[in-house]
Protein chains: 4
Amino acid sequence: MSFSVAVAGASGYAGGELLRLLANHPEFEVRTVTANTNAGQPLLAVHPHLRSYGDLVLSETTTAALNGHDIVFLALPHGKSGVITETLDPETLVVDCGADHRLTNEADWAKFYGGDFFGAWPYGLPELLIENHAQQRSQLVGVKRIAVPGCNVTAISLGLAPGLRAGVIQPVDLVAVLAVGPSGAGKSLRTNLLASEILGSASAYAVGGTHRHNPEIVQNLSAAAGTKVTVSFTPVLIPAARGILATSTARLAAGISAHDVRSAWVNAYADEPFVHVLPEGQFPSMSDVIGANTALIGIAVDEAADRVVTVTAIDNLVKGTAGAAIQSANIALGLPETLGLPLNGLAP
Amino acid sequence: MSFSVAVAGASGYAGGELLRLLANHPEFEVRTVTANTNAGQPLLAVHPHLRSYGDLVLSETTTAALNGHDIVFLALPHGKSGVITETLDPETLVVDCGADHRLTNEADWAKFYGGDFFGAWPYGLPELLIENHAQQRSQLVGVKRIAVPGCNVTAISLGLAPGLRAGVIQPVDLVAVLAVGPSGAGKSLRTNLLASEILGSASAYAVGGTHRHNPEIVQNLSAAAGTKVTVSFTPVLIPAARGILATSTARLAAGISAHDVRSAWVNAYADEPFVHVLPEGQFPSMSDVIGANTALIGIAVDEAADRVVTVTAIDNLVKGTAGAAIQSANIALGLPETLGLPLNGLAP
Amino acid sequence: MSFSVAVAGASGYAGGELLRLLANHPEFEVRTVTANTNAGQPLLAVHPHLRSYGDLVLSETTTAALNGHDIVFLALPHGKSGVITETLDPETLVVDCGADHRLTNEADWAKFYGGDFFGAWPYGLPELLIENHAQQRSQLVGVKRIAVPGCNVTAISLGLAPGLRAGVIQPVDLVAVLAVGPSGAGKSLRTNLLASEILGSASAYAVGGTHRHNPEIVQNLSAAAGTKVTVSFTPVLIPAARGILATSTARLAAGISAHDVRSAWVNAYADEPFVHVLPEGQFPSMSDVIGANTALIGIAVDEAADRVVTVTAIDNLVKGTAGAAIQSANIALGLPETLGLPLNGLAP
Amino acid sequence: MSFSVAVAGASGYAGGELLRLLANHPEFEVRTVTANTNAGQPLLAVHPHLRSYGDLVLSETTTAALNGHDIVFLALPHGKSGVITETLDPETLVVDCGADHRLTNEADWAKFYGGDFFGAWPYGLPELLIENHAQQRSQLVGVKRIAVPGCNVTAISLGLAPGLRAGVIQPVDLVAVLAVGPSGAGKSLRTNLLASEILGSASAYAVGGTHRHNPEIVQNLSAAAGTKVTVSFTPVLIPAARGILATSTARLAAGISAHDVRSAWVNAYADEPFVHVLPEGQFPSMSDVIGANTALIGIAVDEAADRVVTVTAIDNLVKGTAGAAIQSANIALGLPETLGLPLNGLAP
């Protein structure tokens, strides 16, 4: 048994990472890679690190190029996935790494993205574990459409959802500040993404709740809390190409002990292959998860501040994008969830 | 007129930065540099970048070596400044870059540092502007002892104090997450400070309120608020040698407009030469202030989260340590406050 | 069929990388990991990125701990491998990532390392392809002892040997300058390896032919040339944790065309799975090979300078150490040479 | 006495660095800053680190804007300086940081740059010290036109010229490999200059003698040697925003001792304020000179390889561009050569 695969938008960082991971997947076989301005070039000209794809050439991102595969991974700019998916075979498993099918609320889409609204698909964050919610793992089985979460959203959701669901933290005044690498912004040619600007520096952006991932964060955390949450999210660009280190904090709920707090996370992820809660007093480094589909979470209670602080490390391109896509595809197709996915990070 | 200067602990990063800045000060003349294990070596052997000090040799840190100067800057490990100062001439201006004389509360000292308590000195953060408080700028004039604030403390205090003092933000549930460079930890030989560990990574430490700067942050912000504050502080080590980018957030006080918020900070720093509030929608990068005694602050109101977010950039070794020391010494001696201090950062 | 494996010196960077790669090897099963000061600790306490080794504990590096395995990988400081190997079962495959068994000439050992000389073992650089020389690939088959080359040596040897062997470059005035990451120096607690020293900087070391890898470079290149070569080698430490980018240059031999030059390298590596010569005008980036057992080589002829310039990228911890060890072990055991080894790099 | 200054091309990195240095120059007063696409913007919008220029606005780069100043610094793309200078007042001191007036040979210009050739100006590398050559320091006095050298050219010329002039190294088979930061390439929006591409990596470019600085290197070194040299030059881009670390090597001349070698450099730079030869066994780090107009040089003789190796560190934007421009302007105007220029680097 083997599934044929097409990757649309293969020339970007997310597309490249999908290909890097797919090369090690025993049941997926990449047959087609598509691009926009790079169409016609050998894949190696764009991704010289992907030596195992020696003979593949990028073709145009068209319906004809994508149809006829068992699985299509989309790594396209927002607005593009929604349009092309309407032309794809409904029996093809389409996994969208973009934003077009993440938000359930059309007003959120209009405010943060704009343009046509395409509606939400089953959500590719199997560990979110929200009761009575369509995004539960079991509900990914057999689906033909999957929306992969935003990378920042994954880091914050994994870091705060268990506490909200268990009621050990309060749903208001959540604060998340994320150290993020520039690869999350893709290959866009923008001055603030130049190495000269980022080396030796750090800068916050989309400060004050204007980042497009905001409504998706609220959507996930509100579902976990069972009530609408308020959350302040600030991404800080740092000089490391990949990775997210999310410091997510919340007010301790009344009468909750430090032991109760820890139990909420430990219980939530006890059986998860890819989400690990670290022992007391330990906190993850970003490099622990680089290249891996793993999320590591450390938890502390600050008694003086009356707040819980969680630190979550993921690789934005793996657990934050391409790994989540493959993990969700594995579930949808009835394969072992961990098939082909790396657990160990590349450090140092 | 010219003041003779000794720098104790000159072989470390803070000591080196004091020397770099002092070389450009028209009224200060460095005559003596002392060290511990490096005593006997030429200064250039330890700081090959300080080419202007070609003939200076490091001597032992003793009372005899330090006495007889107009000014002594101490860049010693905590616990050392308190002891040696007791032996120094009371007419010498002693500026302590260490922690020994920052905390007013002995219980805080005992809990976070331990060992003998030396009592608080006038506090070298002239811009803190706390009414009816001993740390006001005017009260630095003529003093003979100055305690330089902790670098993280400076970044958070500058970022939140104006809002607390003006009452536009609430004194509870303050949250500050700081991207910090490893130079703040000095030249300590620890595995987690090795380049291989820090490059390509980021890691939180002292999570949950255990960092030694915590009581000093609470001390400053409580003074500004006029009531005891609660604050969660998490430093995140990033791969940039210098600099702090502090994302400090607070709950909006009831009935306060975005305009009121901005005014609090703009008014507080209107006449400050070294603390600049950026125009609406602009936020600082760490590299904007590298090498400079400048603090840049950007402010946003997140209406959905009902919180104010401030982003403050300083150089931990300049405005966070050596620059603050010199600025405070200028005030104490009746010199122009900005004398010899750089305003422009080194970017890119 | 499956081979039991012990890794000695598992707590260092080379040991950790061996474990990362071995986790993906279908025929090797890690049963024992040993360390020195870290003995007694869970492996995860030292290498939190190696999540797949959840239950392994580091034991002392003793003969008893290592004997009884099919394969022992040694990642020990120089001088240690030679001693312990004398106590190991002669039927065990011992692969030494250290320097103890690389040099054939005792005087070189005495000059650059010192202490007891242990003699050379079969050399684990299968692609060196030196005719009539003991290091040829076929001669690794069935051996029980393998010396893994030094990482810098591998980069320079792969970059220059084909031209020397083919006679298209001259054996004198070879010059190699290598950009290297600090992980090559291991976890040693030295001031010059601190992040604060390396970030935003670059520094040459062992300038003037004093690096321990020098005699090994001369040994390999002289074998390829069929005559004693002269080579100037300078490593330059840069702020990237892993990787080597070697710029190796040589005088063009008389009457040789640019086409002849390129052919020498293309022919030498035509059938190599892990060494790829890039098309004309293309040169590798270090990040193309991070995490991979791949070496990429770009070649140019500078007509005006009458020199050939080759640029070779490897990951010092993979093709430069742990990957080479496993590749050589595969050959020794009659397994497919590429088994369990990554070909694709992790970029960006 | 005070000189009025205009900086053309002020929005780029070289322009920004000119302004940073000029802010500390006691005799130069910046009145006009010009740009191309950024004209009309406040300077602070483009260079938020230059806080001392609060009220300056970028105007268009026109003859009218530039004429009427005592000094005009040009930081323009090549081809632009030549054109605009023809329209500037002949009595204005024009200092060109671009390439238009560096090469003496029109054929070199045609081959490496192309377009109109504007002829060579007095050359702004006072330390080159080439006998009987128009570029000697004394010949900068009183000139009205100065060409600032290329940054890589400065590093290599300072590193090799003394040995060539003294005859202790041979003029053929010179090899220079430079670790360079991306700021040397300016703010160009190119994929290979993105932070995601450069972080964690290193890459050689213009391999094989194709870099535009090649003919200028040959021009300088041939003048020093008194005969046409052959030199192989390879720049390697590393993840540090600023700085050049040049490893320049040459064949030892026959019968020359290590002492003779060292003397050649020590004598050449004995009286230079900005070029320092380090003691035997010491080599510079790039960070030693960041922000400074200083060049540090370490020298070793590799007896086995029969070659001399010099390691030269400069800041590409200071001694490599803006500092050299100001130093040369000081000489031209009869001011102290060191006026307003920093000697100490910013480290760590």
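Twelve aromatic pairs turn up over all chains of this predicted model. Rings of Phe, Tyr and Trp (its six-membered ring) pair if their centres lie within 6.5 Å; planes under 30 degrees apart count as stacked, over 60 as edge-to-face and the rest as tilted. A pair of aromatic rings is described by the distance of the centres and the angle of the planes.

Take Phe3(A) and Phe28(A). Their ring centres lie 6.0 Å apart and their planes stand at 85°, so this pair is edge-to-face. Phe3(A) is in strand E1 (residues 3-8) of chain A and Phe28(A) in strand E2 (residues 28-35) of chain A; the pair links distant parts of the chain, 25 residues apart. Helices (H or I, at least four residues) and strands (E, at least two) are DSSP runs, numbered from the N terminus. Both Phe3(A) and Phe28(A) are buried. Buried means under 20% relative accessible area, exposed over 50%, partly exposed in between (1.4 Å probe, protein chains only).

The rings of Trp109(C) and Phe117(C) have centres 6.3 Å apart and planes at 50°, so they form a tilted pair. Trp109(C) is buried at 1% relative accessibility. Phe117(C), at 24%, is partly exposed. In chain A, ring pairs join Trp109(A), Tyr113(A) and Phe117(A) into a cluster.

Two conventions apply throughout. Residues are numbered from 1 along each chain as its sequence is written, and chains are lettered from A and ligands numbered from 1 in the order in which they are written. In this predicted model local features need pLDDT of at least 70, side-chain atom pairs count only at pLDDT 80 or more, and totals for chains, interfaces and linings use all residues; side-chain values use heavy atoms, with hydrogens and water left out.

**Salt bridges**

Over all chains the count is 48 salt bridges. A salt bridge is a side-chain nitrogen of Lys or Arg within 4 Å of a carboxyl oxygen of Asp or Glu.

| Pair | Closest N to O |
|---|---|
| Lys319(A) and Glu127(A) | 2.9 Å |
| Asp173(B) and Arg307(A) | 2.6 Å |
| Arg20(C) and Glu17(C) | 2.8 Å |

Lys319(A) forms its salt bridge with Glu127(A) at 2.9 Å. The pair links distant parts of the chain, 192 residues apart: Lys319(A) is in helix H10 (residues 318-332) of chain A, and Glu127(A) is in the loop between helix H5 (106-112) and strand E6 (145-147) of chain A. Both residues, Lys319(A) and Glu127(A), are buried.

Asp173(B) and Arg307(A) make a salt bridge at 2.6 Å. Asp173(B) is in the loop between helix H6 (151-166) and E7 of chain B, and Arg307(A) is in strand E13 (residues 307-314) of chain A, so the pair joins two chains. Asp173(B) is buried at 6% relative accessibility. Arg307(A) is buried at 0%.

Arg20(C) bridges to Glu17(C) at 2.8 Å. They sit three residues apart in helix H1 (residues 13-22) of chain C, so about one helical turn separates them. Arg20(C) and Glu17(C) are buried. Elsewhere, salt bridges with shared partners join Asp173(A), Arg251(A), Arg307(A), Asp173(B), Arg251(B) and Arg307(B) into one network.

**Chains B and A**

Contact (heavy atoms within 4.5 Å) takes 41 residues from chain B and 41 residues from chain A. About 3100 Å² is buried between the two chains, with carbon and sulfur atoms giving 63%. Buried area is the accessible area (1.4 Å probe) that two parts lose on being put together, summed over both. Four salt bridges lie between chain B and chain A. Polar contact joins twelve residue pairs there (both at pLDDT 80 or more). A polar contact is a pair of N or O atoms within 3.5 Å; within protein, one must be able to donate a hydrogen and the other to accept it, and residues adjacent in sequence count only if both atoms are side-chain atoms.

**Chains D and C**

Here 41 residues of chain D contact 41 residues of chain C. The buried area is about 3100 Å², and carbon and sulfur atoms give 64% of it. The interface has four salt bridges.

Thr249(D) lies in strand E10 (residues 244-251) of chain D. Thr249(D) is buried, at 0% relative accessible area. Its side chain makes a polar contact with the side chain of Arg307(D) at 2.8 Å. Residues that Thr249(D) touches include Val175(C), Ser232(C) and Asp173(D).

Conventions. Lists of a residue's contacts leave out its neighbours within four places in sequence.
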